[in-house]
Amino acid sequence: MADTKIYQASTTAPVNIAVVKYWGKRDPKLNLPTNSSVSVTLSQSDLRTHTTAACSSSFPQSDTLLLNSENQDTSGARTQACFRELRFLRSSIEAADPFLPKLSALPLKIVSENNFPTAAGLASSAAGFAALVRAIANLYELPASPTELSRIARQGSGSACRSLFGGYVAWQMGTKTDGSDSLAVEVAPASHWPTMRALILVVSAEKKGVSSTSGMQITVATSELFQRRAEVVVPKHMAEMEEAIRNKDFEKFGQVTMKESNSFHAVCLDTFPPIFYLNDVSKAAIRVVEDINKKAGKTIAAYTFDAGPNAVIYYEEENIAVVAGVVKGALGHLDGWESRDISAQEAGDLDSRAV
Ligand code: DP6
């Protein structure tokens, strides 16, 4: 009798916020970056994507993807690359074991939900592709490590490779042309620095004006500052950041985080025509953080901005009253999320499998 069983697996992947930014591709097809980057993965209980991957011969023939109840196009090169790589790995284990069901040949049905506004420009593609890749890897029972899966998630969206780990994660740019060494690795687990907190201020929930993908393409083609950033500034920041994380040195962590964000937005401004991601409220948030640090006499808060105006402010638990208090006093009209505890869960804790 034909097997019409529905096989399925679920997982979640959290958002990650870069403290050394990825901006620029040396190979747009394979999503290979021009520089390495580092991020902090937020806790699963904060901002995350929950994804269920299912496959069955009873499903319609083509693969489908539903995000927040809306049908998404799965024919794009990035989604296709992830499906192809995962199917290839599954077919290799099926070839070695004739008793395994031939899941690699079945159509996929993916259902994803974000617990935050998808349009808010809050690294939704990072959590989205990380959850998609991990859910299918679970469905296919692939014996793949987070680093191996990061190579696949990277092809969906560069920053997604970092969301396969909790805590502090580096995406090593690699040097090979096939991308096999462009992978995410753990710098330290979340539990290493349990007092770290992030405050996210939603300055605007509108979809960003210039997408990361096209923004970085124009930067690479037109910015003269960009080369210096990729070759000199980022390698220095990478070394300083990894050391700051290892030593739990918030002053250093905070200073590099802020300089990195500024350097990234400087190359955006140096892009021609210029790209403006920060608005007046973003700049007000920078001033508030500067005031907090000035009053404290040291760096106790650090801002960072991705390809949009929303601010992420890192601080340590002991400074919650000063940092969150002052920020709310000055910018309290904005929506926000306060991370409860970045260390609460490592990525993938909520994995479940039902076959
Ligand atoms: C500014 O990962 O969204 O957030 O690879 O084209 O999907 P694609 O780009 P994406 O770019 C993220 C850029 C950033 C910095 C970062 O997360 O490192």
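Is Cys82 buried or exposed in this model? Select it first: Cys82 counts as buried because its relative accessibility is 0%, where buried means under 20% relative accessible area, exposed means over 50% and partly exposed lies in between, with a 1.4 Å probe and protein chains only.

Before going on, note that this is a predicted model, in which local features need pLDDT of at least 70 and side-chain atom pairs count only at pLDDT 80 or more, while totals for chains, interfaces and linings use all residues. Residues are numbered from 1 along each chain as its sequence is written, and side-chain values use heavy atoms, with hydrogens and water left out.

**Cysteines**

A search of the whole structure finds zero disulfides, a disulfide being a pair of cysteine sulfur atoms within 2.5 Å. Select Cys55, which is in no disulfide, and find the nearest cysteine sulfur, that of Cys82, 16 Å away; Cys55 is buried, with a relative accessible area of 0%. From Cys82, the closest cysteine sulfur is in Cys161 at 11 Å, which is too far for a bond.

**Helix H1**

Now select residues 77–96, which make up helix H1; helices (H or I, at least four residues) and strands (E, at least two) are DSSP runs, numbered from the N terminus. The expected span of a helix is 1.5 Å times one less than its number of residues, so the 20 residues of H1 should span 28 Å, and the 29 Å between its end C-alpha atoms agrees with this. Along H1, the buried residues are Thr79, Ala81, Cys82, Phe83, Glu85, Leu86, Arg87, Arg90 and Glu94. To see what covers the buried residues of H1, show strand S9 (108–114), helix H2 (124–139) and helix H3 (146–156), which are included in that cover.

**Aromatic rings**

Next, display the rings of Phe, Tyr and Trp (its six-membered ring), which pair if their centres lie within 6.5 Å; planes under 30 degrees apart count as stacked, over 60 as edge-to-face and the rest as tilted. The whole structure holds ten aromatic pairs by this search. One of them joins Phe250 and Phe253 in a tilted arrangement, 5.6 Å centre to centre with 40 degrees between the planes. Both residues lie in helix H6 (residues 250–270), three residues apart, about one turn of the helix, and Phe250 and Phe253 are both buried. An α-helix has 3.6 residues a turn, so residues three or four places apart point the same way.

Another tilted pair is that of Tyr303 and Phe305, 6.0 Å centre to centre and 45 degrees between the planes. Tyr303 counts as buried at 5% relative accessibility, and Phe305 counts as buried at 1%.

**Nonpolar cores**

Which residues have the most contacts inside the largest nonpolar core? They are Ile245, Phe253, Tyr314 and Val327, in a core of 50 residues, where a nonpolar core is a set of buried Ala, Val, Leu, Ile, Met, Phe, Trp, Tyr and Cys residues joined through side-chain atoms within 4.5 Å. Centre the view on Ile245, which touches Val38, Tyr168, Val187, Ala188, His192, Trp193 and Phe253, not counting residues up to four places away in sequence; contact means heavy atoms within 4.5 Å. A second, separate core has 29 residues, including Ile110, Ala135, Ile136 and Leu142.

**Loops and backbone**

Select Gly158, in the loop between H3 and strand S10 (167–172), which is buried with a relative accessible area of 2%. Gly158 touches Tyr22, Asn31 and Trp171, not counting residues up to four places away in sequence. Step across to Asn31, in the loop between strand S3 (25–27) and strand S4 (32–33), where phi is near 55 degrees, a positive value in a residue other than glycine; Asn31 is buried, with a relative accessible area of 1%.

Asn68 also has a positive phi, of about 45 degrees, although it is not a glycine; Asn68 is found in the loop between strand S7 (64–67) and strand S8 (70–72), and at 26% relative accessibility it counts as partly exposed. Finish at Pro273, in the loop between H6 and helix H7 (280–296), where a cis peptide bond joins Phe272 and Pro273 with omega about 0 degrees.
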